[in-house]
Amino acid sequence: MRVVIKVGGSVLSDGPDSSPWMREIQTFVAEGHQLAIVHGGGPAISESLRQTQTPIQFYQGQRVTTPEVLGHVIRILRGEMNALLVHALNRQGITAIGLSGMDGAFMVARHLPPKELGYVGYISDVKADLLDQLWTLGFVPVIAPLAPNDDHTEILNCNGDGVAEAVARHIQADLLVFYTDRGGLRTSPDPDAKIVAHLTQDEIGTWIDQGKATEGMIPKLQAAQRALQGGVKQVLIGAFYDEGEGTTRIV
């Protein structure tokens, strides 16, 4: 089975060695699935900006990425988060290799409007054959959400959920998992609300329009819809093996 799992920056900050998300990855690998991991790093980026007193701005839910902010984003995502995650996986006996869109021109991005966002992009192309080659050699790719533009004159900061969706769509994944440690979609923004066990892609727009999805859940639902429309067979929000507080399956 071809699997893409997105692990957010807030989850990664919990420490890797005995964490539930590490056990999730270990089980996918142990069962012989072709796995690609996409990671985030939002909290670490914000902390880096605070330490240097660099303004933190968001526009329509996306981080405004000025040239100064982009330097922090590249350093944190590719230089720190990616390296530390690869190191942690290797320590657990998983042969991981770090990637971003710039490595081997693996991914290409285009500017995400409006222009006020700055150096923010969405993935327009993925070299699926590079992942095939890495899997053949026994590697687990660990992907940082950064990519160059079409003519390789700029590096763009990309939403991790969108990167995971684009990778899953281009490799025609059997499963896309947006891993969370708090379970899946809930019946309301109340953190104590019940988990929605099943959702169809046709219901996603209604959930968003009715305000039932929290701000952080909206990009996951939108990415899930694009993935399913693009041929991905199943999307989970939560976990595949250890459902914990509950997982939402979207088909």
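Let's start at one residue. Leaving out residues up to four places away in sequence, valine 7 touches Leu12, Trp21, Ile37, Val38, His39 and Gly40. Contact here means heavy atoms within 4.5 Å. This is a predicted model, where local features need pLDDT of at least 70, side-chain atom pairs count only at pLDDT 80 or more, and totals for chains, interfaces and linings use all residues. Residues are numbered from 1 along each chain as its sequence is written, and side-chain values use heavy atoms, with hydrogens and water left out.

Stay with valine 7. Its place is in strand S1, residues 2-7. Helices (H or I, at least four residues) and strands (E, at least two) are DSSP runs, numbered from the N terminus. Is valine 7 buried or exposed? Valine 7 counts as buried, because its relative accessibility is 1%. The cut-offs: buried is under 20% relative accessible area, exposed is over 50%, and partly exposed lies in between, with a 1.4 Å probe and protein chains only. One distance for scale. Valine 7 and glutamate 31 are 24 residues apart in sequence, and 19 Å apart in space, C-alpha to C-alpha.

Now the sheet that holds S1. It is an open sheet of 8 strands, in the order S5-S8-S2-S1-S11-S13-S14-S12, with mixed pairing. Two strands pair if DSSP finds at least two bridges between them. Which strands are at the edges? They are S5 (96-99) and S12 (198-199), each pairing on one side only. Helix H4, residues 67-91, packs on this sheet. H4 touches S2 (34-39), S5 and S8 (140-143), and its direction makes about 170 degrees with that of S5. Axes are lines fitted to C-alpha atoms, for helices over the stretch in contact, and angles run from 0 to 180 degrees between N-to-C directions.

Look at S8 next. Both its faces are covered. Val140 and Val142 on one side are buried, and so are Pro141 and Ile143 on the other. S2 and S8 run parallel, joined by 2 bridges. There, isoleucine 37 stands opposite valine 142. S5 and S8 are also paired in the parallel sense, over 4 bridges. Leucine 99 has isoleucine 143 in S8 as its bridge partner. Further along the sheet, S13 (residues 234-238) and S14 (residues 248-250) pair in the antiparallel sense over 3 bridges. Valine 235 has isoleucine 250 in S14 as its partner.

On to H4 and its helix neighbour. H3, residues 42-51, has an axis that comes within 9 Å of that of H4, crossing at roughly 130 degrees. The two are therefore oblique to each other. For these words, under 35 degrees is roughly parallel, over 145 roughly antiparallel, 65 to 115 roughly perpendicular, and the rest oblique. From H3, Ala44, Ile45, Ser48 and Leu49 take part; they meet Val69, His72, Val73, Arg75, Ile76, Leu77 and Met81 in H4. The residues of this contact divide into 8 nonpolar, 2 polar and 1 charged. Nonpolar covers Ala, Val, Leu, Ile, Met, Phe, Trp, Tyr, Cys and Pro; charged covers Asp, Glu, Lys and Arg; the others, Gly among them, are polar.

S6 and S7 (residues 120-126) run antiparallel, with 5 bridges. Methionine 107 stands opposite valine 126 in S7.

The axes of H6 and H8 (residues 217-229) come within 9 Å and cross at roughly 10 degrees. H6 and H8 are therefore roughly parallel to each other. Asp161, Gly162, Glu165 and Arg169 in H6 meet Pro219, Lys220, Ala223, Arg226 and Ala227 in H8. That contact divides into 3 nonpolar, 1 polar and 5 charged residues.

Last, the loops. The peptide bond from proline 113 to proline 114 is cis, with omega near 0 degrees. Proline 114 sits in the loop between S6 and S7. Histidine 152 is in the loop between S9 and S10. It has a positive phi of about 60 degrees, although it is not a glycine.
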